Amino acid sequence: MPWKGEKDPYKIWLSEIILQQTRVEQGLNYYNNFVKEFPNVHKLAKAPETAVFKLWEGLGYYSRCRNLLFTAGYISKELKGHFPDNYDEIKALKGIGPYTAAAISSFAFNLPHAVVDGNVFRVLARVFGISTAIDSTEGKKEFTNLAEELLDRKQPGMYNQAIMDFGAVICKPAAPLCDTCVFKKSCDAFLHNQVNELPVKEKKINVRKRWFYYLVLENKKETAIRKRVEKDIWQGLYEFPLIEVGNELDTKTIIRELEKKKWLLKNAYELISVSPLFKQQLSHQLIAGQFIKIRVKNKPSIKNDWLWMEKEEMAAHAFPQFINQYLREKNGQQTLF
DNA sequence: AAGACGGGGGA
DNA sequence: TCCCCAGTCTT
């Protein structure tokens, strides 16, 4: 991995933000693209927000991108490009919690702070046979204390790297390699046949179902899009004008709704196509919806937050994967891009 | 303390 | 489907 042995705190920071709740294989390309485009914090701080989001597009958890931009500006301007070199100041940066602060502290500055990520929770829970829930306040405290105790204070960076690699490669969530594991004779979970029961999590997520009906409105060569600014999924990304409802509706009903909102004027539009039903499963939401493509001779006069632009400009904006599915699908048939 | 926040991959 | 991933922020 390109960030192994890296000493530049900027690049370490970048890699750690990208890897939050993200597999190495998924984040690797994004990291390389970011380093190429923004080799230092000043370049990142100066970049237009739209361009940075476009580079982040598809990676998920877009608040990471927002915070990345904010912190880049802070370091570039307030700190004159000098990355903080102690745990407390690093942890105070937006987007950096206990894990990332420990990672940067130990990797970049060789400071003795133990990382506690998903790998560490799993390794410690199994090796020490700890059944305290890892998503409880008590569990976080217990595992963090143990991790700090175990830390090799002479080479904290090496130690942190090692335990995370061990968790990712050997002590995997499913089908761990216990047969060849060096802890085979001492691992509490292995000795008590508890490997598949640990670690313990107590909270379960319930999935919300949402229906998104998108209006793909075309006027001459332009299409209307808007920025999602609401405190909701995909904040900061772009989308088509949206009607969200709590259950599945037919196209007629949706179009009636569009007319009621004055987004369409009766008898002054042409229905081009209705997409098949698209679905996207997120961790905590199931999004289903359709794209209704309509052409108008005149843009609606009703006041709204729409931006009209041609395909080329649209392509420079970041969209949710739910919408990209549709855009890509169209590519084969009607070439939207 | 509990929820919210993406998307992809593996079982 | 469900679970997990080099977690953090908000309520």
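Because the model is predicted, local features are reported only at pLDDT of at least 70 and side-chain atom pairs only at pLDDT 80 or more, whereas totals for chains, interfaces and linings use all residues. Residues are numbered from 1 along each chain as its sequence is written, chains are lettered from A and ligands numbered from 1 in the order in which they are written, and side-chain values use heavy atoms, with hydrogens and water left out.

The secondary structure of chain A consists of 14 helices and eight strands, these being DSSP runs numbered from the N terminus (helices, H or I, of at least four residues; strands, E, of at least two). The C-alpha trace of chain A spans about 75 × 50 × 35 Å along its principal axes. Of the 337 residues in chain A, 48% are buried, where buried denotes under 20% relative accessible area, exposed over 50% and partly exposed in between, computed with a 1.4 Å probe on protein chains only. Among contacts (heavy atoms within 4.5 Å) in chain A with a separation of 6 or more, 65% join residues 24 or more positions apart.

DNA strand C has 25 residues around it, of which Gly95, Gly97, Thr100, Asp117 and Arg122 come nearest; a residue is taken as near a strand if one of its heavy atoms lies within 4 Å of it. The residues of this surface comprise eight nonpolar, nine polar and eight charged, with Ala, Val, Leu, Ile, Met, Phe, Trp, Tyr, Cys and Pro counted as nonpolar, Asp, Glu, Lys and Arg as charged, and the others, Gly among them, as polar. Helices H7 (98–109), H8 (118–127) and H10 (156–169) each supply at least two residues of the surface near DNA strand C. Of the atoms of DNA strand C within 4 Å of the protein, 64% belong to sugar or phosphate and the rest to bases.

DNA strand B is surrounded by 22 residues, the closest being Arg23, Thr137, Ile233, Trp234 and Ser283. Sugar and phosphate account for 56% of the atoms of DNA strand B that come within 4 Å of the protein. Phosphate oxygens of DNA strand B lie 2.8 Å from an N or O atom in the side chain of glutamine 285, 3.2 Å from a polar side-chain atom of glutamine 321 and 3.3 Å from one of aspartate 232.

Helix H8 is largely enclosed by the rest of the structure, because nine of its 10 residues are buried. These buried residues, among them Asn119 and Arg122, pack against helix H9 (137–150), H10 and helix H11 (188–191).

Arginine 64, in helix H5 (residues 63–78), is buried yet has no salt bridge, the nearest side chain of opposite charge, that of glutamate 16, being 9.6 Å away. A salt bridge here requires a side-chain nitrogen of Lys or Arg within 4 Å of a carboxyl oxygen of Asp or Glu.

Terms used:
A polar contact is a pair of N or O atoms within 3.5 Å; within protein, one must be able to donate a hydrogen and the other to accept it, and residues adjacent in sequence count only if both atoms are side-chain atoms. Lys and Arg count as positive and Asp and Glu as negative; His and the chain ends are not counted.
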